[in-house]
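Student: I've got a model open and want to go through its voids and one of its sheets. Can we take it step by step?

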Amino acid sequence: MQSFQSRYQRYPILTYTVFCLLLAALYGCNTTSKGGSGAGEGGNNGAGKPSTENVLRYPLTTEPTSLDPAKVEDGTTIDLIQQVFEGLVIWNEKNELEPNLAEKWELNPDKVTYTFHIKHGVKFHNGRELTADDFKYSMERACDPKLKSPTAESYLKDIVGATDKITGKAQDIKGIKAVDKYTLAITIDSFKPFWIGNMTYPCSYAVCKEEVEKNGGNIDENTLTSTTGTGPFKFAEVRRNDSVRLVAYADYHKGKPKLDGLLRPIVKDAGQRLNKYEAGELDYVEISAADLDRVESNPTLKGELKSFLRAATWYIGMNQDAKDSPFAKKEVRQAFAMAINKDDILRVAMKGQADKADGIVPPGIKGRNEHIKPLPFDPTKAKQLLAQAGYPDGKGFPALSFSFRNDYPQVAATAEVIAQQLKTNLGIEVQVRPMEWGQFLVERKAKTLPLTHLRWGADYLDPQNFLSTLLHTSKKVNGQEDHPENGVGYKSAEFDKLCDAADVEPNEEKRWEMYRKAEQIAVDDAPWVPLYFQRDLELVKPRVKGIKDSLFGHRPHLTTQVTP
């Protein structure tokens, strides 16, 4: 994801032995071969024995899906690349937007043009100064139809001319202008009070044109110089199925990080992650609810356990667009929702370490509906609804797979509880299907998965990001989905009308009220069954200090320190 500096730029392809010698002074080097023993097979993953180096070691739970900010769409990989690439603005610890690569911005009197004043002296990792042109290049690149960004449609489409670029009708985006070296003007198609939050998403991050173009327009681990960013760290090594190493960028515009580097071993098995933490090979690790008994029975581990609230909702998605989907019928969706006992899920699968979801929008988001009325757990009513839909006692119901990511035990445990509840309460058997995360994202985008267990974590703290973004009817416009994140095919004219009006309403209280009404409609229609709001459980070694946090997760590790 990041680039080498100085001689590493001139010689990006080194033999592994030479590379180890270059990095040995900083970390030491894993002596297994590239692509060697994987995380699930007991490999070393670059972690080694307890460290005395000034390097923070915490695991990746899955293989990075992409090192390209324009292509990444999952939280696990975003946490990695936010150390390397940056945007105009950033979320702070108070969950407020603040300047980052822009030192300030203003909304012009026309209410649709944002003028960003680029911070002077910001350098890419190759030493070149960042300018306004870099943002124009980066966002136009993200919207290039040849790149096939899965996120540009969602987060950049409001910019005037972006859709024309995405659909191949234009060579540039007329709503993005580099006024001068340090001034960037972005014009959107109408006033949208939530819009600037889109500028925190990776597809709007600055990438280094000359380094990307040297790699044929690609950003990947094959040529690490292509991952040149402006962030506090830069990529030093990416070893598939093993680990990712980053080193501190000394000329970072906010000052050199307190760490010398980051080591991210890829450890897909939760039990192995905990074993490595106990062995002193990791400095912090997210744990699953299934590990709580083990943690709480150990006084040392119990004292190192921390809980972090996240602006994220875990849910069951029922795909109305899947082939021959029974979920096209509202009664079936409502039956599933009323057959699921969330209290049992929280008790059995989550060990009480989550907050039951009453609706779609999580706590911490301004304007959230605190009086939402969820569909109740009512197996008797659920059976009646299923019979009304033509499936009495589950008879004639089509075979159904239930898909979820395979790297979190609590997710699998939740799926198993739900599968049993559906069998007991509706007479429906579902085939649980744990999936590798990257493949899950591919099939979800193709809308082939009928029943899924997934989460949505906020991109910005506004109800729009959970309602309009995720559940507004999606239609093809010039061959592109206009609401591509609607992965369940939900369609409601009343819901859409409320969201469309709220999305452009300048009066804050009126906006909130419209979103609240829209959310209640969606909860009643049940394209989702919201299960619980996320809390991250982490073990953090006492040697780790200075981690900064927000509702989105840990912020880039500029101030984090580790002591021997």
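Student: Which residues line the second largest cavity?

Tutor: Keep in mind that we're looking at a predicted model. The lining of the second largest cavity is made up of Ala-337, Lys-342, Asp-358, Pro-374, Leu-375, Val-523, Ala-526, Trp-528, Val-529 and Pro-530. Strand 19 (residues 528-540) gives the most, with three residues.

Student: What makes Lys-342 and Asp-358 count as lining residues?

Tutor: A lining residue needs an atom within 4 Å of a cavity point. Lys-342 and Asp-358 are both listed in the lining, so each of them meets that cut-off.

Student: How many cavities of 30 Å³ or more does the structure hold?

Tutor: Two. The largest cavity has about 120 Å³ of space. It's lined by 16 residues, with Tyr-315, Arg-444, Thr-452, Gly-487 and Val-488 closest to its centre. Among the elements that supply at least two lining residues each are strand 12 (305-318) and helix 15 (437-446). By class, that lining has eight nonpolar, five polar and three charged residues.

Student: And what does the second largest pocket look like in numbers, starting with its volume?

Tutor: Its volume is about 570 Å³. The second largest pocket has 31 lining residues, and Lys-157, Asp-158, Lys-192, Asp-482 and His-483 lie nearest its centre. Helix 6 contributes the largest share, four residues. The lining splits into ten nonpolar, ten polar and eleven charged residues.

Student: On to the sheet of four strands: what makes strand 1 and strand 8 stand at the edges?

Tutor: The sheet is open, with the order 1-10-9-8 and mixed pairing. Strand 1 (55-57) and strand 8 (233-239) each have a single partner strand, so one side of each has no neighbour in the sheet. From one strand to the next, the twist averages 15°.

Student: How do you know that strand 8 pairs with strand 9?

Tutor: Pairing takes at least two bridges. Strand 8 and strand 9 (residues 243-248) are joined by six and run antiparallel, so they count as a pair. In that pairing, Val-238 stands opposite Val-244 in strand 9.

Methods. Residues numbered from 1 in each chain as written. Predicted model: local features only at pLDDT ≥ 70, side-chain atom pairs only at ≥ 80, totals over all residues. Heavy atoms only, no water. 1 Å grid on protein atoms, 1.4 Å probe; cavity = no way out; pocket = protein on both sides within 12 Å on 5 of 7 lines; lining within 4 Å. Points joined across faces, edges and corners; volume = space filled by probe spheres on them. Nonpolar A, V, L, I, M, F, W, Y, C, P; charged D, E, K, R; others polar. Axes fitted to C-alpha atoms, helices over the stretch in contact; angles between N-to-C directions.
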